[in-house]
Amino acid sequence: MMFTKEELKQYNRHLILDKIGEDGQLKLKQSKVLVIGAGGLGCPILQYLTAAGVGTLGIIDEDVIDQSNLQRQILYSFDDIGKSKAQTAKKRLSRLNPFIKFNVYKERLTKENALSLFEMYDVIIDGSDNFATRYLTNDAAVLTNKPLVYGAIFKFEGQVSVFNYEESATYRCLYPTPPKPDESPNCSEIGVLGVLPGIIGSLQANEAIKIICGVGEVLTNKLFMFDTLSMRQMTLKFERTESAEVEQLEDDYDFFCGIKTAEIEISLVELEAEKEKYNLLDVREYWERETSHIGGQHIPLGELSVRYKELKHDKPVVVYCKSGIRSKAAISFLKEKNVDMICINLNNGVG
């Protein structure tokens with residue numbers, strides 16, 4: 001039999017649904033989907049694809065669960081704090097559908113593992129939250145000829161598209177060059193409405209099911225945009241361009257996206273070992289400072305343009321924030337003002 005008696009019960013509403021039926025459900029059962037990231041977008045993607053009966057789901061995420069994740073990453077609970085996202089997601093999803101095979105990769109997607117991983121799957125879904133991973137994912141999908149379901153969120157707005165499907169446009173056609181790191185901060189820097197990734201992730205799962213089952217109109221050469229505050233939605237059309245051609249992976253995607261720069265950087269461990277050599281500048285918000293800090297002057301990034309003359313010049317200054325993005329923006333501003341001091345970025349911030 002194509003399905004066991006228990007599977008027939010599990011997938012009854014799909015089996016009686018026109019345009020899905022037994023043929024579509026069998027396609028789902030035989031399909032293999034890799035989900036990049038088990039965070040805000042990854043949680044609804046994984047839940048709905050597990051429920052839908054995708055036969056093999058790959059989950060790649062090196063991160064562990066933080067309390068701040070619980071506002072939107074609905075696979076996890078308070079008791080899961082500190083545990084692996086990928087492993088915890090598998091445990092929770094296995095209870096939802098015991099007929100699914102899960103491949104867990106507790107690692108970061110890199111240029112070293114991307115191509116070999118992508119070759120093993122039929123559809124790639126990008127649930128990442130940074131541009132370096134998005135460009136890497138796009139390029140690896142092109143080189144392995146895999147359809148890529150894209151989603152992104154920003155505060156109250158989200159977007160969805162499908163790239164590299166049946167010779168369609170790619171992510172690079174839409175965004176040929178990455179923005180500067182300080183121009184598009186992630187949700188750890190600016191926040192995000194908790195329900196937004198649920199909406200966008202569900203739409204990504206929907207696109208994956210359409211691709212697998214061969215039904216509906218796939219979001220190729222279109223960017224769907226949704227605003228939760230106004231409930232407005234818009235679909236932007238775009239074309240495949242020369243940027244779609246990818247011959248090889250970039251040498252360093254962090255450098256390509258400006259995350260890794262020629263600026264002087266220091267790690268938190270290195271700083272703690274020789275803290276007396278430096279002045280510190282915290283450019284986070286007041287509420288972040290109240291939660292925790294490692295000392296030094298506190299001037300939020302938004303106030304730096306009118307308060308930079310308050311800075312001490314007797315030692316090199318280590319600028320820090322939560323993740324290292326706002327601190328880079330602060331250093332860029334100070335360089336533009338020709339401030340006479342050595343500025344050092346705290347790599348990856350204070351977490």
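This is a predicted model: local features need pLDDT of at least 70, side-chain atom pairs count only at pLDDT 80 or more; totals for chains, interfaces and linings use all residues.

Modeller: Happy to! Let's begin with strand β5 (residues 148-154) and strand β6 (residues 157-163), which run antiparallel and are joined by 7 bridges. Helices and strands here are DSSP runs numbered from the N terminus, with at least four residues of H or I for a helix and at least two of E for a strand. Two strands count as paired if DSSP finds at least two bridges between them.

Residues are numbered from 1 along each chain as its sequence is written, and side-chain values use heavy atoms, with hydrogens and water left out.

Now step back from the pair. β5 and β6 belong to an open sheet of 8 strands, ordered β3-β2-β1-β4-β5-β6-β7-β8, and the pairing in this sheet is mixed. At its edges stand β3 (101-105) and β8 (233-237); each has a single partner strand, so one side of each has no neighbour in the sheet. From one strand to the next, the twist averages 15 degrees; axes are lines fitted to C-alpha atoms, for helices over the stretch in contact, and angles between N-to-C directions run from 0 to 180 degrees. As a general point, strands of a sheet pair through backbone hydrogen bonds, either parallel or antiparallel.

Two helices lie across this sheet. Helix α5 (residues 85-96) lies across β2 (56-60) and β3, at about 170 degrees to β3.

Next, follow the chain out of β6. Asn164 lies in the loop between β6 and α8 (171-174). Phi of Asn164 is near 60 degrees, a positive value in a residue other than glycine. Asn164 counts as buried because its relative accessibility is 10%; buried means under 20% relative accessible area, exposed over 50%, and partly exposed in between (1.4 Å probe, protein chains only).

Met231 lies in the loop between β7 and β8, and at 54% relative accessibility Met231 counts as exposed. β7 and β8 form a hairpin with 5 residues between them, and Met231 in the turn has a positive phi of about 65 degrees. The two strands pair in the antiparallel sense over 5 bridges, and the bridge partner of Met225 in β8 is Met234. β8 is hardly covered, as the count of buried residues among its 5 residues is 0.

What lies in the interior? The largest nonpolar core has 46 residues, and those with the most contacts inside it are Val33, Leu46, Leu49, Leu57, Ile59 and Ile125. Such a core is a set of buried Ala, Val, Leu, Ile, Met, Phe, Trp, Tyr and Cys residues joined through side-chain atoms within 4.5 Å. Helix α10 gives the largest share of this core, 8 residues. Leaving aside neighbours within four places in sequence, Ile59 is in contact (heavy atoms within 4.5 Å) with residues including Leu34, Val35, Leu46, Ala86, Leu93 and Phe102. A second, separate core of 30 residues includes Leu117, Phe118, Tyr121 and Ile124.

The protein also has another open sheet. Its 5 strands come in the order β9-β13-β12-β10-β11, with parallel pairing. β9 (265-266) and β11 (297-298) are at the edges with a single partner strand each, so one side of each is left without a neighbour in the sheet. Helix α15 (residues 325-336) packs on this sheet, touching β9, β12 and β13 (343-346), and its direction makes about 170 degrees with that of β13. Within the sheet, strand β10 (residues 279-282) runs parallel to strand β12 (residues 317-320), and 4 bridges join them.

Finally, the whole protein: its secondary structure comes to 15 helices and 13 strands. Buried residues make up 52% of its 351 residues, and the C-alpha trace spans about 75 × 50 × 40 Å along its principal axes.
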